Amino acid sequence: MSGESALQADVIVVGSGPGGATLARELAKRGKSVLLFEHGSDHRGAAYYGTYLGAMLYSDKAGLLFTQEGLNIVRPMLVGGATNMYCGCAAPPPPWFKDKYGIDIDAECAETMQELEVAPLPEAQRGNASTRIAHAAQALGYPWEPQAKFMRPARAKHFDCGAKCMLGCRCGAKWNAAEYVDEAVALGARCHTRAVVERLFVEHGQCTGVTGWLRGFPFTAHADTVVLCAGGIGTPNILRLSGFVDAGIGLTMDTTVMVYGVGKERGIGLEPPMTWSWENPGDGYMLSTLADPWLLFPMMAALRNWQYVRYWPQWKNLLGIMIKLKDDVSGRIYQDGAISKPMTLQDQKRLAEAEAVCRKILVEAGADPATLFMSPLRGTHPSGTVRIGEMLDSNLQTTMPGLYVCDASVFPEALDRPTVLTIIGLAKRLAKRLCN
Ligand SMILES: Cc1cc2nc3c(=O)[nH]c(=O)nc-3n(C[C@H](O)[C@H](O)[C@H](O)COP(=O)(O)OP(=O)(O)OC[C@H]3O[C@@H](n4cnc5c(N)ncnc54)[C@H](O)[C@@H]3O)c2cc1C
């Protein structure tokens, strides 16, 4: 570990999810000295990595983080951020990103897709039951398509990706932002784990560093530029403690629910997650094939209603569709860590419409109509807490000189699609700007 005097760099990056990891890598590539601070540890390679125990160890509140309204937020906190537990889906930024906000990251996203060989899984690996659901949807007139993935079965030791890859990928097929951290470190960036940044260090109105706790000891680090990439919850917390009173007021979540049904044939539980999807921006939702891992299923079912736990023994025959909603900006993150994320009337209307479509598709795919039920609300994309156009300009700069934000918190509205490719694109664009 470096001593106090070594905590100086051209750029400080806070958080090592896709935003922070990409930025650190791109800046290091361009010869900048970079200090990267990450709240969590690097759990890759540990025996528990990718298990239920592991997921509890590296998720905020052991996975039991709930909003005041009861929405469960999954918030992984470790090197690589939420990409340790994501489903590996990739989607380009929505057209409105460019049309409405003037942010063009098409080139950066295309470069990333080529570099990481982003593509749908080969046909044989999309899963029979997942494909059955997609074909049922197509037969009903919904144009589902194979989902592009940050997943390369060819680089896996033994590709056995089931829904359990949401606990952390053990087979090596799924790309994780921690790989960009490794590259950044190889290029000279200094990454400090178990480093909790608390607030900004400000001199004469300019941000010149951060302060916090490094492995239990107080620290201050200095740089000409600070970029907060601590995610949709972490970043507004740091900003608010540093005097930005509007940070964390209003958030989006791409709120998700699962609609389940039990069929006679083998279900999707052991198949890779989200191999088929349908984006429906007109009605404000996206649908994908997905089921909770075996041990999580009864917990989620019980949270909805104890009677649904009776389907646990039939988990191997489970068919599931995940709804991802384009939810309104609502609620807030409070100073004491409490989070509120109410569903607006519009959100409820969108959800009801999406649920009706899912029910039709599941029955067409062979689910017994008597077994259909919807899981409780969940949030895996906390975002939109430090929004472009309100707290940030389109270059991700705050009103304080020297201070930028580059993570999911910058989204001006719910993306309603996988976020990671957009975040990587934003980070690549910002890195270029900071080096000009
Ligand atoms: C179960 C699940 C499935 C998902 N599936 C997909 C998918 O298929 N495709 C997709 O595109 N997206 C998916 N997502 C969403 C995606 O992973 C996140 O939106 C994305 O990782 C957010 O990136 P980020 O850089 O904003 O922050 P994060 O990935 O959240 O990283 C932020 C990092 O900052 C650290 N941090 C926080 N506070 C501090 C602090 N004070 N000091 C220092 N460090 C701090 C955290 O520990 C964390 O490691 C999924 C998410 C989950 C949870």
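1. Basis of the note. Because the model is predicted, local features require a pLDDT of at least 70 and side-chain atom pairs count only at pLDDT 80 or more, whereas totals for chains, interfaces and linings use all residues. Residue numbers start from 1 along each chain, as its sequence is written.

2. Overall architecture. The protein chain contains 10 helices and 21 strands; these are DSSP runs numbered from the N terminus, with helices being H or I of at least four residues and strands being E of at least two. Along the principal axes, the C-alpha atoms fill a box of roughly 65 × 45 × 40 Å.

3. Of the 436 residues in the protein chain, 55% are buried. A residue is buried if 20 or more other C-beta atoms lie within 10 Å of its own, exposed if 12 or fewer, and partly exposed in between, with C-beta atoms placed from the backbone. Contacts are defined by C-beta atoms, placed from the backbone, that lie within 7 Å. Among contacts between residues at least 6 apart in sequence, 75% join residues at least 24 apart.

4. Helix α7. This helix is largely enclosed by the rest of the structure, because 10 of its 11 residues are buried. Among the buried residues are G231, G232, I233 and G234. The buried residues of α7 pack against β1 (8-14), β9, β11 (217-228), β12, β17 and β21 (403-405). G243, which follows α7, has a positive phi near 105 degrees.

5. Domains. Domain 1 comprises 4-42 + 78-116 + 175-247 + 383-435, and domain 2 comprises 256-379; the bounds come from an automatic or database domain assignment. The C-alpha centres of domain 1 and domain 2 are 30 Å apart. Contacts link 13 residues of domain 1 with 14 residues of domain 2. On the domain 1 side, the touching residues comprise 6 nonpolar, 3 polar and 4 charged.

6. A three-stranded sheet. An open sheet of 3 strands has the order β12-β17-β18, with antiparallel pairing. Its edge strands, β12 (249-251) and β18 (339-340), each pair on one side only. Pairing requires that DSSP finds at least two bridges between two strands. β12 is joined by 2 bridges to β17 (residues 330-333), and R332 in β17 is the bridge partner of I249. β17 and β18 likewise pair in the antiparallel sense over 2 bridges, with I339 in β18 as the bridge partner of I333. The hairpin of β17 and β18 has 5 residues between the strands, and G337 takes a positive phi near 95 degrees there.

7. Loop residue M253. This residue lies in the loop between β12 and β13 (256-262). M253 counts as buried because it has 28 C-beta neighbours inside 10 Å. Beyond its neighbours within four places in sequence, M253 is in contact with D327, K341, G379, H381 and P382. M253 and T385 are separated by 132 residues in sequence and by 9.9 Å in space, C-alpha to C-alpha.

8. Loop residue Q147. The loop between β6 (145-146) and β7 (148-149) holds Q147. Q147 counts as buried, with 28 C-beta neighbours inside 10 Å. Leaving aside neighbours within four places in sequence, its contacts are C89, P120, M274, T275, W276, S277 and S288. Q147 and C406 lie 259 residues apart in sequence and 25 Å apart in space, C-alpha to C-alpha.

Terms used
Contact = placed C-beta atoms within 7 Å. Nonpolar A, V, L, I, M, F, W, Y, C, P; charged D, E, K, R; others polar.
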